[in-house]
Amino acid sequence: MRTNQSRRVRAFVAGLLVSASMALAQGGVAAKQAKSEFSPPPISPAVTALLDQDYLKPEERAALRVRHGLWEDSDLSSTALRAQAAIIRGAFADASLDDASAGAEDRAEALLNRGEPDKALEVLSGRAGARCSRIRGSALVDLGKSAEAVAELRSAAEKFTGADVQDADELTEGARCALLLTRLQSPKAQGTIPHQRMLAILARARDELDRVSWRANLVEGQLLYEKDKYEEVGATVEAALSLNPRCAEAYWLFGLLCVDTFDFDRGESIAAKLDELSSPDPSAWGACLRAYIKMRQGEGEQAAKLLEPALEKFPKSRLLLAYRAAASAAAFDFAATDAKLAAFDALSPGSATAYMAVGKAVSGARQYDEAATYLGEAVKRAPWWAEPVVELGLCEFQAGRNEQAMAALEKATQLDPQNNRAANSLTLLQELATYVSVESDHFIVRCKPGEDEVVAKEMLPPLEDIYARVTGNGPGGIDHKPAKKTVVELYPNHRWFGVRITGMPQLHTIAAATGPVIAMEAPREGPGHFGAFDWRRVVQHEYTHTVTLSRTKNRLPHWFTEASAVYLEDAPRDYSTVQLLARAYETQTLFDMDKINVMFARPEKPTDRSQAYAQGHAMYEFIMDTYGPNKPLELMDAYAKGVREGEAFQSILGVSRDNFLPRFTEWLKVKLEQWGMLPGTRGPTIKELLKSERAEKADDADAEEDEGPTPELIEKWLGQYPESPSVLMLAVRERLKKSGGKADAEMVPLLEKYAAARPVDPLPHKTLAAFYLAGPDAAQAIPHLEYLDAREQHSSGYAIELARRYAAAGDLDAAAKKAARATQISPYDPANREFAATIALRRKDFSTAERHIRALIVLEPDREIHKQRLEALEKLRAEK
């Protein structure tokens, strides 16, 4: 992916960075924590005031402290209280929960979470109440008795959600029954409660019946999470934890949200908190969170291992078993996945839970065909459960199977009208149905009728050139041809593009590939757009993703696919990129092999994503330089077979994953010296020079206070170290400062020397280009303009100026190439079109001139001059 600022953009899941920390920024749960920590918010003053009431008897105060997760050991004076505390902290193996003197509902809740629903039903036999019904309904679902579960939950939803219910816990559990029921029956069926009414029920429980009800906040968060309303979930979790800081279920919910939004550090800290709460036994929720993180990172085998301790304790836990099957799928071991699904089915006949977990995991890993199979089975088993239908629709959409996506998303929005991702994506699919298509041998370009058709048609020849380069076996070529045509969707504005990639119109990107589909925003200026950009370079980057994902069956580390795409842009590094690499090298902050993958989607500081792209590109080049130009392809083939990165590195490169980074760092040092970013043998660093000057001043009583490099010092250093890139840079800047930013003839040798010493810095080229363009021999600006144009991604200015210079020199072929580049970067700019048409006419290239004039007629339909020009062109052709 790429940004409009440079080649670096958010990964496609980052589109959901209405993240946990952002969602909680106002309330301050996570935003106030260090990046790798999570702590609950301060205890609500209402709870503190309640516990401080003088009228409370000691046993009442102890019971309240247990209820709100604020107990001390002395408060747990009975088995019943110990059992309540165990349920709150998610310690389902606690001995108190096996004691008959514990509350029946607590014992049943524990049995359900252990994976023993039949025993849970026995414990609840003959008992009534909303919580009993919720546990009983869940147990019946786990046993594959859906019809009985519907009857139980429907009865409870009707009985415990009415205005006559005056107990907040009963009302909350009634709403929870209603939420579970939505998975099991039609939205139009008897007893189904709509989303807004459920929210109203929970609001009544929270705001009218019990203002310190943490359960109402927790269930509201669960409801919002199920509707994909991520931005609202955080506030409910914060509220729940402020009323009960030991509520393990709230931590679990927040942990899922963190991992969904790639906040893996905070997800890990929440998993640790869950383990702490359930100690001395492992937490099933904590284990699943850690496994989920590894699956999101593409490490299915590690995910499976992380589940083992909890599975040993709870071998029948439906949650753990579903995650275990998903972990096998994330490791691309589909035979083992199917075996685990069969085992799950033996415990829970007809259940969709494990199929949903597997489908979601492989969809996230871009295994679209397998994901569609598993999600399709989940939908078949649970036709009224919206979540698998939504995931199936989005999976099909990303795979480019729009008809199947439309069918699934239409059903999803009928089941869950409140789901933003489904609703936005369905609207976009309906919009796409109105688009027109143009085709070439290997591409289909879809766009909105009108102006965008002009650009879509012009894209086809360059796209075929991109195909030849990327799929070929030239330097860095992937040497692989996808089986089907690639679809390029050209969106008229940024909003629709964002919907296409994430299902939410908030992604700050201009192009992205999901595999068989490349989506890009039209390169136009104006409100709602990211502006002009070099779409050919952008699409060459994205098409490399398409080809590498095809060759590897979508199985390769994130950094590696981005690195190969940047390499195949066939463009020089930006100076900002080189500066990032130099800074990371000097400060010893290069990312390790795990962190680099996370930084694409979840950067910790503004430069992290850019550094990930820059470092990944450099590591890819290092592999080619050091181990051989075909080694990246051999690694891809290993990844396609499911070989993990560490094993692939060892077998193909002969280096362990741990030793790879030190070797790369040595290679990078040499590169940085070649780029003039490290002094090497050409002199000390500026920091060292300043240190030396300070040492000299320390012996001089009359020395003035150090204020950094003065003009005199810079001239002194320049005499001592005339080849030093850093000293030359200071000298250039100092002289430009004195001359008002403009060069004169006397500065030319210095600028040329600096350009040679630090070939990655555009400053001397910009300065020299301006100097020569202002002088009598503007042709001398051409090499510097070429340098700048090769690195420019968002302005056609350099290309136009080069075209003018070449035309003035009589080189119309070179002028035509630069005019063509200008119209690619800014295809909607009429001035560029007119200029390109003029150059084409001078070359007697009438077809190119006609193409641009026809484009002008579409872009500026009110200007009759364009139609007149077309008529004049037709006369010229006739005369010829």
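The secondary structure of the protein chain amounts to 44 helices and 5 strands. The model is a predicted one. Its C-alpha trace spans about 100 × 85 × 55 Å along the principal axes. For 880 residues, a compact globule would have a radius of gyration near 29 Å, and the 32 Å of the protein chain agrees with that.

Two packed helices are described by the angle between their axes and the distance between the axes. Helix 13 (residues 248–260) packs with helix 15 (residues 284–296) at an angle of about 0°, and their axes are 10 Å apart. Angles under 35 degrees count as roughly parallel, and helix 13 and helix 15 are therefore roughly parallel to each other. On the side of helix 13 the contact is made by A248, E249, W252, G255, L256, V259 and D260, and on the side of helix 15 by W285, C288, L289, Y292, I293 and R296.

The second largest pocket has a volume of about 660 Å³. Its lining consists of 25 residues, and D369, A399, R401, K484 and P516 lie nearest the centre of the pocket. At least two lining residues each come from helix 20 (368–381), strand 2 (443–447), strand 3 (486–491) and helix 26 (535–551).

Conventions
Residues are numbered from 1 along each chain as its sequence is written. This is a predicted model: local features need pLDDT of at least 70, side-chain atom pairs count only at pLDDT 80 or more; totals for chains, interfaces and linings use all residues. Side-chain values use heavy atoms; hydrogens and water are left out. Axes are lines fitted to C-alpha atoms, for helices over the stretch in contact, and angles run from 0 to 180 degrees between N-to-C directions. Helices (H or I, at least four residues) and strands (E, at least two) are DSSP runs, numbered from the N terminus. Angles under 35 degrees count as roughly parallel, over 145 as roughly antiparallel, 65 to 115 as roughly perpendicular and the rest as oblique. Contact means heavy atoms within 4.5 Å. On a 1 Å grid over the protein atoms alone, a cavity is a set of points where a 1.4 Å probe fits but cannot get out, and a pocket is an open set with protein on both sides within 12 Å along at least five of seven lines; lining residues have an atom within 4 Å of a point. Grid points are joined across faces, edges and corners, and a volume is the space filled by probe spheres set on the points. The radius of gyration is taken over C-alpha atoms; the globule rule is 2.2 Å times the number of residues to the power 0.38.
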